[in-house]
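Good morning, and thank you for joining.

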Amino acid sequence: MMNNLIDAHWFPLASQGNIYSMTKLCSPNGANKLLVASLKRKIYSCEYHLMLDLNLRPMVKELLFTYIPSGAEIISIDAYNKSDTTDSFVIGITIIKTGADTIERYLNIYTEGAVDGEGDEGTSIEAIAQNCLMVELSYTPYHLYHTILPQQNSAHEVVWLISGSDYKIHMIREDKLSHGYSESSIEKYFPELHDIQAIVLWINIYYYNNYKWRVTAVGCECGLVKVAIVNVIDLQVSQSWLLRYDQPVPNVTVFPHQNAVVKPSFIDTNLLEECIKQNMPKLNIVVSSTSHAIIFEDILKHGMKQDVILSGTELSDCILCCCIADINMDGENEILLGTYNQEVLIYALVNDTWELTVRKLFDAPVHSISYMDITNDGLKELIVLTQRGVHILQHNIVDIRAKWKDHFKKLFNVL
């Protein structure tokens with residue numbers, strides 16, 4: 001199935017992006033969208049529309065975001081949906097503008113009409129792009145990342161984390177009293193991210209056990225990797241590890257061994273879910289340095305001791321990005337790595353060994369990978385951002401039909 005991905009669409013970029021240039025907008029009641037930024041101020045949205053002839057047509061258009069001045073460069077973009085029922089998107093964009101004697105740096109946050117979410121239901125992306133709240137930064141931004149700040153007696157809050165050239169990670173939080181955003185103490189809410197003392201290239205946070213625990217992992221320009229297990233209730237670091245590599249680490253990703261699937265409402269699996277909750281999940285971490293990639297298996301049980309080098313990554317020029325996805329639909333996650341020498345490497349667990357199963361070549365260095373349902377047909381597509389443009393690849397429908405029949409037979413125990 002992984003070998004038979006079909007090129008469905010491609011669109012070019014006016015100028016190249018980077019490893020922070022692509023994000024997705026997930027809709028609970030419509031088609032998901034893709035946002036891609038290029039360095040020289042142009043931002044594109046991509047979505048699929050179902051036409052009258054029942055064919056899917058890709059729609060790519062440039063979005064005109066306000067308060068991105070002429071001559072500015074876009075460093076990073078990220079987005080999330082703050083509603084479970086409507087399209088209530090929040091989009092963050094970091095920019096830098098260099099003048100003759102000054103350097104201006106900002107985090108622009110675009111939302112619907114009201115910061116607290118009381119805007120019109122289903123506000124269009126074009127309207128959101130016109131409503132900007134600016135946060136001036138005193139450092140050059142790198143990774144822009146949104147994550148959850150769990151609240152015990154209310155809905156979880158979403159906050160922004162920004163890694164900076166000042167060797168710190170900053171937390172930007174909504175201030176509802178002033179209807180804006182401001183920086184809050186990261187030491188208070190994310191003690192594991194305080195005092196990193198390095199330029200962080202990538203942040204990844206994974207919550208488990210009903211948001212009572214989290215695993216935080218960061219990769220740094222100097223080759224430092226920090227991993228911490230945190231008790232969210234009392235905000236105490238339970239365990240932490242520091243690793244050092246000879247090359248920069250542009251990606252670290254925490255992921256579960258088993259791919260989580262939301263059960264249909266008509267299936268009663270309360271007993272099974274109770275058994276799962278009693279056991280800690282099997283969590284792995286992929287550390288992608290620019291020279292090779294390493295997977296640390298079942299870190300909640302073994303810590304950072306059970307590591308395996310992903311064979312073949314040492315032959316790549318430079319690993320730039322990582323995506324975790326169940327791309328062969330077997331219920332277990334695969335590892336997808338994008339490289340500077342224009343390849344996507346796909347690793348699958350075969351007989352308890354991580355093996356390179358697919359090596360797919362593209363037209364330019366691979367900056368970012370995503371696996372999402374952008375066509376709104378129930379099947380996810382592989383989206384690859386390269387230095388030149390965006391590739392959208394679909395599964396072969398013949399393979400999907402065969403896979404569905406196989407799952408159907410196993411479900412009903414039919415030989």
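**Salt bridges**

Six salt bridges are present in the structure, a salt bridge being a side-chain nitrogen of Lys or Arg within 4 Å of a carboxyl oxygen of Asp or Glu. This is a predicted model, in which local features need pLDDT of at least 70 and side-chain atom pairs count only at pLDDT 80 or more, while totals for chains, interfaces and linings use all residues. Residues are numbered from 1 along each chain as its sequence is written, and side-chain values use heavy atoms, leaving out hydrogens and water.

Consider Lys61, which pairs with Glu126; their closest N and O atoms are 2.6 Å apart. Lys61 belongs to strand E5 and Glu126 to helix H1 (residues 125-128), so this pair ties together parts 65 residues apart in sequence. Helices (H or I, at least four residues) and strands (E, at least two) are DSSP runs, numbered from the N terminus. Lys61 is partly exposed, at 37% relative accessible area, and Glu126 is partly exposed at 35%.

Is the pair of Arg214 and Glu192 buried or exposed? Both residues are buried; buried means under 20% relative accessible area, exposed over 50%, and partly exposed in between, with a 1.4 Å probe and protein chains only. The closest N and O atoms of Arg214 and Glu192 are 2.7 Å apart.

Turning to the whole chain, it contains five helices and 28 strands. Of its 415 residues, 51% are buried. The C-alpha trace spans about 70 × 55 × 50 Å along its principal axes.
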